[in-house]
Amino acid sequence: EEEKNWLADHKNIRIGVDPAWPPFEFFDITRVYSGIASDYVRLLNQELNIEMVPVPDLSWAMVMDKARVREIDVLPCVLKTPERSKFLWFTKPYLSFPMVILTREDAPFISGVQDFANNRVAVVRGYATQDLLEQDYPDRQFYLANNLEEALKALSKGEVDAYVGNLASITYTTRKLGLTNLKVATTSPYQFELAFGVRKDWPQLVNILNKSLESIPAAEKTAIHNRWINV
């Protein structure tokens, strides 16, 4: 009853989304919120009778800045990190993908990030991979790309030697860009576990979202994943 009352008082919820992170979330050419996370948001909106609506015209870095000061209420597709835990609560993960190291086809054998020189491994600025790598390799500098397409193009042209990211978005974007000279060199010790992030003063919503996510049938989840990721 308490949670129903809370929802009645919080019908309109501002969500912060990555504008260019397919297949997880992005705005399509008609500026419609799309991707795996968007389907989950639609389901939750229907079930809970709320309006989780993206705040438009923001880069991912701007989304994170606004989430820190509670100008955004919920991030529907984020990885939990120690830094983000300072200002967000997280639901249980609803998506999980391996994080891999991508190189060019002609690259020699490598075993991990430590095999590359400074500024030769690309990550996307503001993504969880930046937090994780800077935490685990504090003596190294990384090439910070503004988005995934920029990072993969830099790798394909030889401006960097590797990119660290999750397999699903790499597969989707390399196909979209027609990049044929890249390969997955090795897996990384990281797993991409994606969850909803909720502003710290709204713990009630975390419990509500967890219940609703758990109630989605397995067949429905499979249909969502297959719609956005080539089986």
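**A walk through the fold**

Reply: Keeping in mind that this is a predicted model, we can begin with helix α4 (residues 128-136), whose buried residues are A128, T129, Q130, L132 and L133.

Me: ok, and what do the buried residues of α4 pack against?

Reply: They pack against β6, β8 (95-104), β9 (121-124), β10 (143-145), β11 (162-166) and β12 (182-199).

Me: Which residues have the most contacts inside the largest nonpolar core?

Reply: That core has 77 residues, and those with the most contacts inside it are F24, M52, L75, Y163, F196 and L205.

Me: let's take F24 then, where is it, and is it buried or exposed?

Reply: F24 sits in the loop between β2 and β3, and it counts as buried because its relative accessibility is 0%, where the cut-off for buried is under 20%.

Me: and what is F24 in contact with, leaving aside its neighbours within four places in sequence?

Reply: Its partners include S34, G35, I36, A37 and S38, and the list goes on with C77, L95, F97, N166, A168, S169 and L194.

Me: how many residues apart in sequence are F24 and A168?

Reply: F24 and A168 are 144 residues apart in sequence, while their C-alpha atoms are 8.4 Å apart in space.

Me: What about the peptide bond from P22 to P23, cis or trans?

Reply: The bond from P22 to P23 is cis, with omega near 5°, and P23 lies in the loop between β2 (20-21) and β3 (25-27). As background, most peptide bonds are trans.

Me: New topic, helices. At what angle do the axes of α2 and α7 cross?

Reply: The axes of α2 and helix α7 (residues 203-215) cross at roughly 105° and come within 10 Å, which means that α2 is roughly perpendicular to α7.

Me: and which residues make that contact between α2 and α7?

Reply: From α2 the contact uses Y40, L44, E47 and L48, and from α7 it uses I208, L209, S212, L213 and S215. Sorted by class, the contact of α2 with α7 has six nonpolar, two polar and one charged residues.

Me: now α5 and α6, roughly parallel or roughly perpendicular?

Reply: The axes of helix α5 (residues 148-157) and helix α6 (residues 167-177) come within 10 Å and cross at roughly 70°, so α5 is roughly perpendicular to α6. The crossing of α5 and α6 is right-handed.

Me: which residues meet there, in α5 and in α6?

Reply: In α5 they are L148, E149, L152 and K153, and these meet S169, I170, T173, T174, K176 and L177 in α6. By class, the contact of α5 with α6 has four nonpolar, three polar and three charged residues.

Me: where is N49, and is it buried or exposed?

Reply: N49 is in the loop between α2 (36-48) and β5 (51-54), and it is exposed, with a relative accessible area of 53%, the cut-off for exposed being over 50%.

Me: and what about R70, what is its phi and where does it lie?

Reply: The phi of R70 is near 65°, a positive value in a residue other than glycine, and R70 lies in the loop between α3 (60-68) and β6 (74-79). At 38% relative accessibility, R70 counts as partly exposed.

Technical notes:
Residues are numbered from 1 along each chain as its sequence is written. This is a predicted model: local features need pLDDT of at least 70, side-chain atom pairs count only at pLDDT 80 or more; totals for chains, interfaces and linings use all residues. Side-chain values use heavy atoms; hydrogens and water are left out. Helices (H or I, at least four residues) and strands (E, at least two) are DSSP runs, numbered from the N terminus. Buried means under 20% relative accessible area, exposed over 50%, partly exposed in between (1.4 Å probe, protein chains only). A nonpolar core is a set of buried Ala, Val, Leu, Ile, Met, Phe, Trp, Tyr and Cys residues joined through side-chain atoms within 4.5 Å. Contact means heavy atoms within 4.5 Å. Axes are lines fitted to C-alpha atoms, for helices over the stretch in contact, and angles run from 0 to 180 degrees between N-to-C directions. Angles under 35 degrees count as roughly parallel, over 145 as roughly antiparallel, 65 to 115 as roughly perpendicular and the rest as oblique. Ala, Val, Leu, Ile, Met, Phe, Trp, Tyr, Cys and Pro count as nonpolar, Asp, Glu, Lys and Arg as charged, and the others, Gly among them, as polar. A crossing is left-handed if the near helix is turned anticlockwise from the far one by less than a right angle, and right-handed if clockwise.
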